[in-house]
Every structure is written in structure tokens, then in C-alpha cells.
Amino acid sequence: MKKNLILIVIIIIVSLSFLLIFLFVPKKKMIDLSNKNITEVEQYALNNKLDLEIKKINSSILKDYVINQSIPKDTIIKKKMKLLVTISLGLDYKALKVNELGNIPIMMYHGVRDEESKFIGGNIDKAGYQRTKKAFINDLESYYKKGYRMIKLNDYVNGLIDVKEGLSPIILTFDDGLENNIKVNGLDEAGNIIIDPNSVVGILESFKQKYPDFNVTATFFVNGGMFNQSKYNEKILKWLINNNYDIGNHSYSHADFTKINEEKAVSEIGLVYNLLDKYIPNKYVKIVALPFGSPYNKNHLNFNKILKGNYNNAEYITTSTLRVGWESEKSPFNKEFDKTFLKRIRAYDNNGHDFDIEMNFKMLENNRYISDGDKTSIVIPKDKENKVNNPYNLKVITY
């Protein structure tokens, strides 16, 4: 009888021990595998006695890394649980036609007016510097549908191309600081500017809402009159900077640099930089849109004064200049890229001739920049490898 009692006590103690172990020993929980590669996943499944199944698909995720998993993070792991993991094969560069040495369109606009065209297409003036509101909206719709996404001009000249895989970058610029670029219809109760929806910025802001992935932005190049609404100068400039737009220099009086001396050239550039320092110090871009495209070539004496000078005891350095131009520009990773003298496309209509919008985008069909979706790499077809310039120390991938 005594022996039976001892046996029962031992059985109870052992049972309680197993129960305590079951209740208080930490149970293994599923981890997040998203930063693991295929080798690490296989080892994890083996260690945790999981029934692993792997599926592989093309993706922008780094090759051999996890895209998703069937067992959510923190789920209690049970022996022989089924775990389905999707692994990236990387991008199919050939199918996407990735080419990060392709050309990039820098669009040159001036003004947009809410009126009917008087000339060809959407041109309000004969030269096509003023665009109708309808034509401008159609331009933006066309860029989006053709697979272009906006980037900042300053990012472009610094080799920062952040565009989703399979899509292409496009840059918008506006010269002259016209009132219709950002027309102010007074202030609200909080003292904020009320922007006319028919002005350039009003239209661009509507596209931000319509296509959030369009990455809407633009660079506005101003003269001494800014946007010709002097009482709102500071508010306009600060609003633009705070809402993903950039401001650049277009010379103080829209000077023709082939017709002025070097001293005058310095003052034309220095005066605008001084004004921008007053309103938005350290927040504007050091880029000059050359008025009339002058001085037309880099050998002109005034060109160096545009790039560097000292005005009113303040030194300025310009990183890039923009020509009036007529066609798309090289990739910043191309050996032929020269950020100090960049071409632009004049945004006008001319029935597909003389480098109008239609003609330029037809030309781009065969040589446009197509992104791999990774701003830290340069992906190109193998036969273009000898054309790469890589001062940014990015990873170069060929296929």
C-alpha cells in the first residue's frame, strides 16, 4: 500500500513537471522572413521542422530574397506546419527593356493660359512658349500614360534617379517666373496663399491628387520680378519649396549674355541669387536657365561668369545651366553627360516637326531611360557597358 502511494506521488510529480514545462517553456513563434535569403529560409525551416514549399517569381525585390510568407509573424510554430515562401527571381531586365543610359526629357515651358489656341495645336503664341490650359493638361496625361514619372531637375544632375521599375523619368521646367505659373487669388484666414486652379501650379496640384504615383514636381526659374506679384513673393517662394517644387535662376533682367560685358553678367546672376538668399536661403537650386539660351556655347567669356562669380561680396557657384535646346538629354550615367550645359525640349506643337513634343517623344521610343527601380544601381544592356560613367559609385549591373 505504501509503495503504491509513493508511485502515485511520483506519477503526479512527473505529470505536474511536464505540465509546468508545457505551460512555462517559451513557445517558438514565427519570425518575419522578409530580410532573409533562400539559404537562410531553408535553414530556418529545417531548424523548426517546418514543411517548406518555395515559389519563385520575378520581382523588384533583390534576387533570392523573400517577397512574402504564408505563416504570419508571431504565429506559434507547430511541428510539420506548412510554410509557403515566395522568393524573388529579381527583375526580368530584358522584358522590361531596362536601360539606364537612355535619354531623359527635360521639358521647357514658360506659361499656361486658360484660353483657346491661336496657332498650331496648343500654342497660344507663334513660337509656342505659351500653352493653353487644355494642351498642358493633355501633355501631363500623355507623359503619365507613356510611362513617364517626374523627378527633380536637381536630383537628375546629381545622379539620383528614383523611378519605379519599367518606367522613365521626366523633368518639368518653367522659365520667366510668369504670374500664370502660380497666380495668387489672395490669402485665406490663416494667411496662406490661395492658388488659382487654372495656373500652372494649380493644375499640377490637381495631378498630385489624380495620380499620386506621378511624383509631381517642377523647377521654376525666376527673374528679378519673381512671379510678378511682389506682395506675395516670400509666401510664394516658401510655399513652392515646402510643396516639392524647386526655384532656380533665370538672370535678373532676362539678359542676352552675348550682348553684355563680364561685369554685367556677374550682376545678372548674382542679383537673383541675392534675392533668393533673402527669401529662401540654402533652399533654392544652383541652376541657371539661360535666357534666350545665351551665350549659346561654353567658350563665350560670359559662360564662366554664369558658373562662378562674386557679386556684392558674396561668391556664387552654379552647378548646371539649361539651354533653350530642342531634344532630350543624356543619362547622368553616360560618359557624354555634361551637367553644365543641358539641352531641353521646347514644349510646343508643330505637327510632329522641328523637334516639337510629338517628334521628341517618337525619338525617345527607341532610346529612353528605363529604370530598374533601384536608385543605388545602374542597369544596362551588356553592349553599352563601355559608355558608363559612374562618379556616384553605384552598383553597375549588365544583362
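Lysine 298 counts as partly exposed, at 33% relative accessibility. Here buried means under 20% relative accessible area, exposed means over 50%, and partly exposed lies in between (1.4 Å probe, protein chains only). The model is predicted: local features need pLDDT of at least 70, side-chain atom pairs count only at pLDDT 80 or more, and totals for chains, interfaces and linings use all residues. Residues are numbered from 1 along each chain as its sequence is written, and side-chain values use heavy atoms, with hydrogens and water left out.

**Salt bridges**

- A search of the whole structure finds 20 salt bridges. Each is a side-chain nitrogen of Lys or Arg within 4 Å of a carboxyl oxygen of Asp or Glu.
- Side chains of opposite charge can pair when their charged atoms come close.
- One of the bridges joins the side chains of lysine 298 and aspartate 338, at 2.7 Å from N to O. Lysine 298 sits in the loop between strand S13 (287-289) and helix H9 (301-307), and aspartate 338 in the loop between strand S16 (320-322) and strand S17 (345-346), so the pair ties together parts that are 40 residues apart in sequence. Helices (H or I, at least four residues) and strands (E, at least two) are DSSP runs, numbered from the N terminus.
- Aspartate 338 is partly exposed, with a relative accessible area of 27%.
- Lysine 264 and glutamate 268 also meet through their side chains in a salt bridge, 3.3 Å from N to O. Both lie in helix H8 (residues 262-279), four residues apart, about one turn of the helix.
- Lysine 264 is partly exposed, with a relative accessible area of 37%. Glutamate 268 counts as buried, at 1% relative accessibility.
- Lysine 330 and glutamate 336 form another salt bridge with their side chains, 3.5 Å from N to O. Lysine 330 is partly exposed, at a relative accessible area of 24%, whereas glutamate 336 counts as exposed, at 58% relative accessibility.

**Strand S3 and its partners**

- Strand S3 (residues 82-88) has five of its seven residues buried, so it is largely enclosed by the rest of the structure.
- Strand S1 (residues 51-57) runs parallel to S3, and seven bridges join the two. Two strands pair if DSSP finds at least two bridges between them.
- Isoleucine 57 has serine 88 as its bridge partner in S3.
- Strand S2 (residues 66-69) runs antiparallel to S3, with three bridges between them.
- Asparagine 68 has threonine 86 as its bridge partner in S3.
- In a regular strand the side chains alternate between the two faces of the sheet.

**A positive patch**

- Lys28, Lys49, Lys79 and Lys80 form a positive surface patch. Patch residues have over 30% relative accessible area and no salt bridge; like charges are joined within 9 Å.
- Lys and Arg count as positive; His and the chain ends are not counted. The place of a Lys charge is taken as NZ.
- Lysine 28 lies in the loop between helix H1 (2-24) and helix H2 (38-47). Lysine 28 is exposed, with a relative accessible area of 51%.

**Lysine 238**

- Lysine 238 lies in helix H7 (residues 233-242). Lysine 238 is partly exposed, with a relative accessible area of 36%.
- Lysine 238 and tyrosine 279 are 41 residues apart in sequence. In space, lysine 238 and tyrosine 279 are 7.6 Å apart, C-alpha to C-alpha.

Terms used
Patch = residues over 30% accessible without salt bridge, like charges linked within 9 Å, V, L, I, M, F, W, Y side chains within 5 Å. Areas by Shrake-Rupley, 256 points an atom, 1.4 Å probe, with all protein chains shown as cover.
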